[in-house]
Amino acid sequence: MKYILCLVFIAACSFGFGQSATPDHFVILPYDTSVYTSLPQDCTQATLNNDDFANIDRVLSFCINNYNRSQTTVYKQIVKKLPDQDLNINDYVIDLKRYYRQYIVVYNKKGEKEVWVNCFCNIQSLSYWREKAVIVMGGGNCFFNVRINLSRKSFSDFLVNGLA
């Protein structure tokens, strides 16, 4: 019985921390210095493994949870000041399950693996999203990106688009 419980626990952990974006919701793009990302110019192409996907999800979740906490506070303050406005919390917070993702993976000059994660919530007018990076002006929280250092399990350059 102990062995069965151990196997169930291991399987649950594997599925719980795996790539939360389903294969039809993400793509790994090649590193290209002509594409605007927050990655340094002196990098080399890298690949992702299952542990990398799990670490991306952990760091991304941490980053988004912090963002959502601050945005929920902003939302509540605005609702208090403008109670007659028809405001929606979803215009302020990010629900990762709604987003498509693009990954560009590199080794930086220190040999650390980094990934630029580009997220967007709608692909209707983005038929090219599997071939090239989606770069838009505006769009609010429907578009955001972040640079994750997988070697240090940290993030930087978190940017949520403004409204245009």
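**Notebook: salt bridges and a cavity**

I looked up Glu114 and found a salt bridge with Arg147, the closest N and O atoms being 2.5 Å apart. The pair links distant parts of the chain. Glu114 sits in strand β4 (residues 113-120) and Arg147 in strand β5 (residues 143-149), 33 residues apart. I note that this is a predicted model.

Next I checked burial. Glu114 is buried, and Arg147 is buried too. Arg147 has 17% relative accessibility, so it counts as buried, the cut-off being under 20%.

I then followed Arg147 to a salt bridge with Asp157, where the closest N and O atoms are 3.4 Å apart. Asp157 lies in strand β6 (residues 154-160) and Arg147 in strand β5, so this pair ties together parts 10 residues apart in sequence. Asp157 counts as partly exposed because its relative accessibility is 39%. I recorded Glu114, Arg147 and Asp157 as linked in a network of salt bridges.

How many salt bridges does the structure hold? I have five in my notes. One of them joins Arg101 to Asp57, with the closest N and O atoms 2.9 Å apart. Arg101 belongs to strand β3 (residues 100-107) and Asp57 to helix α2 (residues 50-81). They are 44 residues apart, and the pair links distant parts of the chain. Both residues, Arg101 and Asp57, are buried.

Last, I looked for cavities. I got one cavity of 30 Å³ or more. The largest cavity holds about 30 Å³ of space. I listed its lining as Tyr31, Asp32, Thr33, Val35, Thr37, Leu39, Pro40 and Gln41. By class, that lining has four nonpolar, three polar and one charged residues.

Technical notes: Residues numbered from 1 in each chain as written. Predicted model: local features only at pLDDT ≥ 70, side-chain atom pairs only at ≥ 80, totals over all residues. Heavy atoms only, no water. 1 Å grid on protein atoms, 1.4 Å probe; cavity = no way out; pocket = protein on both sides within 12 Å on 5 of 7 lines; lining within 4 Å. Points joined across faces, edges and corners; volume = space filled by probe spheres on them. Nonpolar A, V, L, I, M, F, W, Y, C, P; charged D, E, K, R; others polar. Salt bridge = Lys/Arg side-chain N within 4 Å of Asp/Glu carboxyl O. Helix = DSSP H or I, 4+ residues; strand = E, 2+ residues; numbered from the N terminus. Buried < 20%, exposed > 50% of the residue type's maximum accessible area, 1.4 Å probe, protein only.
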